[in-house]
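This briefing concerns the arrangement of a sheet and the packing around one of its strands. Please consult the sequence and the model as you read.

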Amino acid sequence: MDATLPDAARSYGWNRVFADRIRHAGSVLRRHRIILFVTLALCLLAGALFILLSTPNYRATASVEVEDVPAGAAGAGSAQRAATPGDIEALMQTELEVLKSRALAEDVAHSLALVGTPTFFRGMGETGPTQGKGSLSQRQVEQERVIQLLRDRLQVELPGKSRVLRISFVSADPVLSARIANAYADSLIRADLKRGFDSGVQARRFLLGELDGARSDLARAERDLAVYATRNGTPEPEGDSQAAPQSSVGERLAQLNGFRAQAVAERIAAQKRWESARRASVDSLPDVLANGAMQQIMAARAQARAAIAEERQFRKDAHPEMREARARLAALDDQADAMANSIRASMREQYEVAVRGEEQIAREIAALERQAKAEQGRDVQLGIMQRSVDTYRMLHDSLLQRYRDMASQAGFQAGRIQPLDRAAVPDEPFSPRIGIILLVATLGGLALGLVLVVIRHIFDDAVTSADTLAERVDLPLLGAVPVTGDSPQPPEIFTPIASSLLLATTGGLPRSILVTSAQEGEGKSLTLHALSLALAGLGKSVLVVDADMRRPVQHRLFRVAPGRGIAEVLTGQARAADAIVETGTPGVSLLPCAVLPPNPAELLATPALDVLLAEVAGSYDVALIDAPPILGLNDAPLLAEKAEASLLVVEWGRNHHGGLRTAAERLRRSGTAVIGAILTKQQGRALDYDYHRGG
């Protein structure tokens, strides 16, 4: 509960600040209401004069519809690309610029024969040119003026995101406005049709040129194909077939590839046998062992060896039979070696024959492959040339068909722009718009008046509140009283101020209080009169001393006839008791000013005033001294030196801070205590008391 109290207090404080600002703004407006009212009245008067002096203008409107693709356009295919929002916007902006162009204005002027007729200028509320200008003739000048007026008075609208153009024309003649609006719509449609026809002619010319080029390209491609086929002995392909029959080179190449595989296998087998024979012993070779003649020789050699072994048991090696047997064995060995070497040589020969056969087949295959590649290159080139012929033929046929379509549809195409509404003759003027003009004048007057009020308030440094007194003059505000004219003010208004004076010093109510103002006419005498009555109402005895010996008014306010006054007392011609008169109000006495001295400042500078104040101090609770204004006179500072306290009367909205600050400083330099100020003739709230601001 306690935590919410600061928030509530802060919210209340902000509300009070906002309310204070609203009241301050209202006070400023009330103060400067004359400026606001005069500005508003002048703006309304200007608007009324503008309405009275303006020529009524009439606006006629025609509308047309803009299509993104014209129906039945020459050369248009069955399927059209969908227009994007950007394309539609660009199209509408293009047609808008066409409407505003000079060429369309010239066409309208020519179609309606506006040049050379005074009717157009009368309808526009202007006078036509009567003579030439420079190197231009009178008709040329008139034509330029007509075109300029047409372009200036033309109004084009694009309602929303639609494809409708609203063409409006404004003039002083309603019939002329309708004629020109309709003429603009017709000229726009004619210009669109003309652009379509011209574009169709140009398109046909372009297609004809492209068709001739395609025909030439087709003839050149066909001629190149025929020459290439004749030169290479290749028949030209028929139709669109791209597959060529398999040639004899391919068949032979396939057969040789089979022979090469077989030759490689035979070469590998012969190579293996030869390598085995080359590394192994001759006697251990399978081919040698499998040879019949070799087997016979080996059998005979075995028998010879057996015979030698048998004979060695009985005979020595030197025996003739032993030598013969060994010779026969050696012959068999030589015969066996010769046979084995012959077999191994035949194996090597077989290997070399297999290698040469494989190489021969590889050479033939390589030659056939080169021949096949050449034939393949010729076939590829022939196919490329054939496709070129087909492409040029297709392009030629497409262009020819497009040209035939455009030629058949020429002159029967619809325009992009179609009429929608014709402009009717308006029966009411378009301008001036009285309601809008008066509304603008009212709003403009209020805005201008508020601006002037703000400027006046910014540069106006007149005192209007307690804040300005405290900030710029350093004076507390004791109270504020409203405007009451030149009549005495009601005492009950001053009762709070009188109560404040009872607490003005530490000793309570000062014994003597000087009441003055910065300049004349601020209501100081009326304030002193009402303040004396208020103090008397609080039970105080008051002596009013009319020390304004230049323009005394207190005797008139109290409605008494003075016999002797303060001047006689200060000069010693009378005693104070004899000069003081009763005012008819209990507790209030008056020391009037009966005779006006020639130089009041000299009297006030004498010690006689001190004697006077000391003499009456014991008889009255307070002496209120009415002093002349401070600025321009020396009377008030002289009186302030004698008084115990001073009170400054300030007129609301009249005194500026510079003069008021000077007046307060003069009072302070005299040695008196300036206890505060009273704001008179108040027109707004001057004293704001706020607990949250410590006020």
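In which sense do β7 and strand β9 pair, and over how many bridges? In this predicted model, the two strands pair in the parallel sense, over four bridges, with β9 spanning residues 588-591. Within that pairing, V545 is located opposite L591 of β9.

**The sheet**
- The open sheet comprises eight strands with mixed pairing, ordered β5-β12-β11-β6-β10-β7-β9-β8.
- Its edges are formed by β5 (477-482) and β8 (581-582), each of which pairs on one side only.
- Helix α21 (residues 635-642) packs on the sheet, where it touches β6 (512-517), β10 and β11 (645-651). The direction of α21 makes about 165° with that of β6.

**Strand β7**
- Strand β7 (residues 542-546) also runs parallel to strand β10 (residues 622-626), and five bridges join the two.
- V544 is the residue that stands opposite L624 in β10.
- Because five of the five residues of β7 are buried, the strand is largely enclosed by the rest of the structure.
- V542, V544 and D546 point one way from β7, whereas L543 and V545 point the other way; all are buried.

**Nonpolar cores**
- The largest nonpolar core has 43 residues, of which I566, L591 and L612 touch the most other members.
- Beyond its neighbours within four places in sequence, I566 is in contact with V545, D546, A547, M549, L591, P592, C593 and L612.
- Another core, of 40 residues, lies apart from the largest one and includes V146, L154, Y184 and A185.

How values were computed. Residues are numbered from 1 along each chain as its sequence is written. This is a predicted model: local features need pLDDT of at least 70, side-chain atom pairs count only at pLDDT 80 or more; totals for chains, interfaces and linings use all residues. Side-chain values use heavy atoms; hydrogens and water are left out. Two strands pair if DSSP finds at least two bridges between them. Contact means heavy atoms within 4.5 Å. Axes are lines fitted to C-alpha atoms, for helices over the stretch in contact, and angles run from 0 to 180 degrees between N-to-C directions. A nonpolar core is a set of buried Ala, Val, Leu, Ile, Met, Phe, Trp, Tyr and Cys residues joined through side-chain atoms within 4.5 Å. Buried means under 20% relative accessible area, exposed over 50%, partly exposed in between (1.4 Å probe, protein chains only).
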